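Q: Could you walk me through this structure? I have not looked at it before.

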Amino acid sequence: MSFTIAIDGPAAAGKGTISKEVARLFGLAHLDTGLLYRATGARRLDGMAPLEAAQALRAEDLDRDDLRSPDVARAASEVAAIPEVRTALVDFQRAFARRQGGAVLDGRDIGTVICPEAEVKLFVTASDSIRADRRYRELIGKGVDTTPEAVLADLRERDARDSARATAPLKPAADAVELDTSTMSIEEAVARACEVIRAAM
Ligand code: C5P
């Protein structure tokens with residue numbers, strides 16, 4: 001039997017951390033779908049055409065060390081606005097979602113487009129300043145030289161592009177449960193997500 005949990009939301013709202021922890025606690029497979037777009041964006045920066053890059057994507061490409069950089073994040077959001085690129089990545093995501101034993105997928109359009117039939121849909125948000133602060137600390141921790149202002153501007157630009165695009169924009173599914181993590185610890189956010197999931201099992 002397959003059981004799919006769709007976790008969407010803007011950048012740095014906490015969906016990655018929540019998804020990993022929920023997958024571990026419930027023994028489910030986890031796919032960070034942002035990595036598909038980041039790997040496509042990284043190949044684009046290497047000079048490949050975006051559609052060709054998306055079509056040629058292999059599992060090993062998702063392990064590239066540079067996928068978390070701000071430049072790749074921006075390139076990811078640019079290639080993600082191309083409808084053909086999104087189409088090229090649909091089958092892989094749906095096959096992952098339907099695997100035996102269940103799966104957690106996190107991204108922007110999982111509950112709306114990739115898995116509209118998901119058993120659980122969460123839309124994770126946090127205020128702009130909290131998200132920028134979290135991402136700033138993460139980047140500094142990795143040795144990236146940046147400022148809080150630059151991080152905030154980057155997040156806003158990316159969210160605006162992700163929300164405004166015509167194909168699969170960032171938005172909550174009508175039946176998604178919204179989880180605002182602005183004033184929550186990681187433990188509180190995970191606990192709340194687990195409550196929603198248990199109620200659907
Ligand atoms: O989640 P992450 O920040 O790694 O995603 C990078 C970019 O990939 C996003 O800004 C968005 O443009 C794109 N993306 C998407 N649909 C998804 C996941 C990510 O368009 N399901």
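This is a predicted model: local features need pLDDT of at least 70, side-chain atom pairs count only at pLDDT 80 or more; totals for chains, interfaces and linings use all residues.

Q: Which residues does UniProt list for "binding site"?
A: The unreviewed UniProt entry lists Gly9, Pro10, Ala11, Ala12, Ala13, Gly14, Lys15, Gly16 and Thr17. Such annotations may be inferred rather than shown by experiment.

Q: Is Lys15 buried or exposed?
A: Lys15 is buried, at a relative accessible area of 8%; buried means under 20%, exposed over 50% and partly exposed in between, with a 1.4 Å probe and protein chains only.

Q: And Gly16?
A: Gly16 is partly exposed, because its relative accessibility is 26%.

Q: What does Lys15 touch?
A: Leaving aside residues up to four places away in sequence, Lys15 touches Ile7, Asp8, Gly9, Pro10, Asp106, Gly107, Arg108 and Val124, a contact being heavy atoms within 4.5 Å.

Q: Switching to H8, which of its residues are buried?
A: The buried residues of H8 are Val151, Leu155, Arg158, Asp159 and Asp162. They sit on the same side of H8, because they cover an arc of only 100 degrees around the axis, taken from the directions from the helix axis to the C-beta atoms. Helices are DSSP runs (H or I, at least four residues), numbered from the N terminus.

Q: What is exposed on the other side of H8?
A: Glu149 and Ala164 are exposed there.

Methods: Residues are numbered from 1 along each chain as its sequence is written. Side-chain values use heavy atoms; hydrogens and water are left out. Helices (H or I, at least four residues) and strands (E, at least two) are DSSP runs, numbered from the N terminus.
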